[in-house]
Amino acid sequence: MATVGGQSAQGGGTGKEAAPIEFREAVEALGSARLRPELVIAPAPAPRRLAPYTFALSATVEVDGEELADGTLVLLHDPAGQEPWRGDFRVVTMARAELEPEMAGDPVLSEVGWAWLLDALQAHGAGYAEPSGTVTRCHSQSFGALAERGASTEIELRASWTPSDGRFERHLAAWGDLLCTCAGLPPAAAGPLPLPDAASLGGVVPMPARRRPRPH
């Protein structure tokens, strides 16, 4: 049974039914993705109600011991296909990061966030169809005993799309780059990234400002 980071590809995440070969091969393909070294990947619980077969990963972007962004990626497979997908596979993702407060007032921040995703897919040559999603921004201001924390702005991008090329490793790599972009990191050459249990996952838009460390 296919594993990535010690997690098996199973029907609905239940472990009671062997997954079809197409799904196991898709999960194995994730193991050949070349990701940036700032990404820390780990297995995640797979949702059971979205499709007969699911597999999930979580990731954080860490630099100098500080976590700058986090997210999840879920690979769904329904051998019978689903009409909204227009296919039998679907990638569902979430990416979240805290940005500099001055970005909260940018009127095109949501559009730019969506462009980061599409640009990442294009840059990795990941074929896709039926993309959908939302970009949410939240501005917070602390008061009283928490006033020294200052203001914060968080961006969260939830998206899904149908992979149309069978190159699932490209979709994982594109999502990893999206997380790094949300974290404010500049483009960098990717390399193989070791995972737990020795498994390996291995147009121009504005870059976000990298978040400064928040006072404790």
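How many helices and strands are there in the protein? The protein has 3 helices and 9 strands. Keep in mind as you look around that this is a predicted model.

**The whole protein**
- Starting at the N terminus, the elements follow the order β-β-β-α-β-β-β-β-α-β-β-α.
- The protein has 216 residues, and 47% of them count as buried.
- Its accessible surface is about 10400 Å², and carbon and sulfur atoms account for 52% of that surface.

**Helix 1**
- Helix 1 covers residues 21-30, and its buried residues are Phe23, Ala26, Val27, Ala29 and Leu30.
- If you look down the axis of helix 1, these buried residues lie within an arc of 155°, so they line one face of the helix.

- You can find Thr72 in strand 6, which spans residues 66-82.
- Is Thr72 buried, exposed or partly exposed? With a relative accessible area of 30%, Thr72 is partly exposed, because buried means under 20% and exposed means over 50%.
- Leaving aside residues up to four places away in sequence, Thr72 touches Leu57, Ser58, Val92, Thr93, Met94 and Trp175.
- Thr72 can also be compared with Pro43: the two are 29 residues apart in sequence, and their C-alpha atoms are 9.5 Å apart in space.

Notes:
Residues numbered from 1 in each chain as written. Predicted model: local features only at pLDDT ≥ 70, side-chain atom pairs only at ≥ 80, totals over all residues. Heavy atoms only, no water. Helix = DSSP H or I, 4+ residues; strand = E, 2+ residues; numbered from the N terminus. Buried < 20%, exposed > 50% of the residue type's maximum accessible area, 1.4 Å probe, protein only. Areas by Shrake-Rupley, 256 points an atom, 1.4 Å probe, with all protein chains shown as cover. Arc of directions from axis to C-beta. Contact = heavy atoms within 4.5 Å.
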